[in-house]
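I opened my notebook and looked at one chain as a whole.

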Amino acid sequence: MRETKYWTWHMAAGVVIFVLLGLHMTTMHMGGLTGLFVSHPGEESVARVNSQARDGQLLFTAGYIILLGVALYHGLYGLRTILFELTLRPTTEKSVSVVLVILGLALFGLGAWAAIAAHSAALVARG
Amino acid sequence: MAEIKRHDNRLGLWGWLGGGRWGVERYAYALHRLTGLGILFYFLIHIVVTSFRAGGIYLWTKGEMLDKPMFKVGEFLVFAAFAYHAFNGLRLVLVELGVAVGKPFEPVYPYKTSLGVQRPLMIAMMILAALVLVAGGAEFVGLAK
């Protein structure tokens, strides 16, 4: 029952990622075609000025943190599913779960801190 | 608690990657996993690399460490993996919810496979993935700036 719940979250996370990562990819790799979220049109989407402009918007910072959490869950749960199909021993399964949870939380902490710090720095730079 | 009976992985890697008689959807499943693992590997590194921007270091911008053809090619491969994984994943969610798989029917000989019923969804999703890949690819090769 618990695994069914995790699987349902995995699928729901996939739909959220489809939207948020789709926006991220459209912004970063199709900015020339769409002009989406390009604050400095003369520069590339990935240019420092455009990155800082996006970091300075609260909606982007919140979006990055949500995408970070949801994508980490989706990716690490997917990896866990693949590893569990190798018919591991119960103790190994438990260890794999613990390692993935710790890795996920650590990377979420790092990414969320960076997003908030970059947001604050962009606001200071804007004045 | 019931003990799970464990079996040897007698098919090995082929059991994971091979489609056998299951058709193109089985290969789509294997590719979904491979692209998922590739994207995850990139994503974990991406979190660390982009975190440096908190200290004012933008490693992906012009003249910086990641502004090299090798990394651009790698980035395009990740983009291609994303395009496939996203649209195939959407297909999997729709199929899981019972969309485009047809109504259930009693199995009467000669048996029919249900794979043909969901094949149009597979084709539609792959066309969408290809369109996104072309649009993104145009920017990677510098046709759209």
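I began with contacts (two residues whose C-beta atoms, placed from the backbone, lie within 7 Å). In chain B, 61% of the contacts with a separation of 6 or more join residues 24 or more positions apart.

I noted the ground rules. This is a predicted model: local features need pLDDT of at least 70, side-chain atom pairs count only at pLDDT 80 or more, and totals for chains, interfaces and linings use all residues. Residues are numbered from 1 along each chain as its sequence is written, while chains are lettered from A and ligands numbered from 1 in the order in which they are written.

Next I listed the elements, which are DSSP runs numbered from the N terminus (helices: H or I, at least four residues; strands: E, at least two). Chain B has four helices and zero strands.

I checked the dimensions. The C-alpha atoms of chain B fill a box of roughly 65 × 45 × 25 Å along the principal axes.

I looked up burial (buried: 20 or more other C-beta atoms within 10 Å of a residue's own; exposed: 12 or fewer; partly exposed: in between; C-beta atoms are placed from the backbone). Of the 145 residues in chain B, 15% are buried.

Which residues are buried in α2(B)? I found T35(B), G36(B), I39(B) and T50(B). The buried residues of α2(B) pack against α4 and α5 of chain A, and against α3 of chain B.

Last, I picked Y77(A), in helix α4 of chain A. Y77(A) counts as partly exposed because it has 18 C-beta neighbours inside 10 Å. Beyond its neighbours within four places in sequence, Y77(A) is in contact with Y6(A) and H10(A).
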